[in-house]
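Visitor: I'd like to learn how to read a model like this one. Could you take me through it feature by feature?

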Amino acid sequence: QVHLVESGGGSVQPGGSLRLSCAATGNFVSLNPMIWYRQAPGSQREQVAGIMSGGSTNYGDSVKGRFTVSRDNARNTMYLQMDSMKPEDTAVYYCMAFAVLESGSVAEFWGQGIQVTVSS
């Protein structure tokens with residue numbers, strides 16, 4: 001199994017920055033890709049950014065140029081640097097990873113989510 005724990009959420013004013021972390025623990029061989037999602041009240045879950053173990057990334061249109069996803073493979077941790085934040089970035093942010101387990105099977109795992117609020 002894989003356990004994903006998000007940290008770094010909180011409240012920030014418009015134009016401010018936050019950095020989220022997602023730390024993975026458990027019995028796995030690899031995590032690929034790792035992806036940040038978010039869900040605002042009354043809205044569907046939205047893919048924010050994803051990253052492969054080799055470093056290739058992709059971003060949702062709403063965050064391009066403002067958010068940066070990265071990962072430290074040695075620490076099994078993914079990060080999301082959020083700059084120039086807007087009120088519409090307010091949501092619960094979730095970390096997700098596809099894991100190849102030691103058994104050889106592949107499974108999808110989710111973190112518990114962390115609240116991010118952008119408000120003046």
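Guide: Let's start with the sulfurs. The torsion about the S-S bond of C22 and C95 is about -65°, so this disulfide is left-handed. A disulfide here means a pair of cysteine sulfur atoms within 2.5 Å, and the sulfurs of C22 and C95 are 1.9 Å apart. C22 belongs to strand β3 and C95 to strand β9, so the pair ties together parts that are 73 residues apart in sequence. A search of the whole structure turns up one disulfide.

Visitor: Before we go on, what kind of model is it, and how are things counted?

Guide: It is a predicted model: local features need pLDDT of at least 70, side-chain atom pairs count only at pLDDT 80 or more, and totals for chains, interfaces and linings use all residues. Residues are numbered from 1 along each chain as its sequence is written, and side-chain values use heavy atoms, with hydrogens and water left out. As for strands, they are DSSP runs (E, at least two residues), as helices are (H or I, at least four), numbered from the N terminus.

Visitor: Are C22 and C95 buried or exposed?

Guide: Buried means under 20% relative accessible area, exposed means over 50%, and partly exposed is in between, with a 1.4 Å probe and protein chains only. By that rule, C22 and C95 are both buried.

Visitor: Which residues have the most contacts inside the largest nonpolar core?

Guide: Think of a nonpolar core as a set of buried Ala, Val, Leu, Ile, Met, Phe, Trp, Tyr and Cys residues joined through side-chain atoms within 4.5 Å. Here the largest one has 31 residues, and V2, W36, L80, M82 and Y93 have the most contacts inside it. Elements giving two or more residues to this core include β1 (2–7), β5 (46–51), β8 (77–82) and β11 (114–118). The largest share, six residues, comes from β9.

Visitor: What does Y93 touch?

Guide: Contact means heavy atoms within 4.5 Å. Leaving aside neighbours within four places in sequence, Y93 has contacts that include L20, Y37, R38, L80, M82 and I114.

Visitor: R38 is on that list. Where is R38, and is it buried or exposed?

Guide: R38 sits in strand β4, and it counts as buried because its relative accessibility is 5%. Next, look for polar contacts: pairs of N or O atoms within 3.5 Å where, within protein, one must be able to donate a hydrogen and the other to accept it, and residues adjacent in sequence count only if both atoms are side-chain atoms. The R38 side chain makes one with the side chain of S62, at 3.1 Å. Not counting residues up to four places away in sequence, R38 also touches E46, E88 and D89, among others.

Visitor: And what about R66?

Guide: R66 is in the loop between β6 (57–59) and β7 (67–72). At 10% relative accessibility, R66 is buried too. A polar atom of its side chain lies 3.0 Å from the backbone oxygen of S84. Beyond four places in sequence, the residues R66 touches include M82, D83, S84 and D89.

Visitor: How many aromatic pairs are there, and how do I read one?

Guide: A pair of aromatic rings is described by the distance of the centres and the angle of the planes. Rings of Phe, Tyr and Trp (its six-membered ring) pair if their centres lie within 6.5 Å; planes under 30 degrees apart are stacked, over 60 edge-to-face, and the rest tilted. This structure holds two such pairs. Y37 and W110 are tilted, 5.0 Å centre to centre with 45° between the planes. Y37 lies in β4 and W110 in β10 (residues 106–110), so that pair ties together parts 73 residues apart in sequence. Y94 and W110 are edge-to-face, at 6.4 Å and 75°. Y37, Y94 and W110 form one aromatic cluster.

Visitor: Which ring does the charged end of R45 sit over?

Guide: A charge sits over a ring if NZ of Lys or CZ of Arg is within 6 Å of the ring centre and within 35 degrees of the ring normal. For R45 the ring is that of Y94, 4.1 Å from its centre. R19 lies over the face of Y79, at 4.0 Å from the ring centre.
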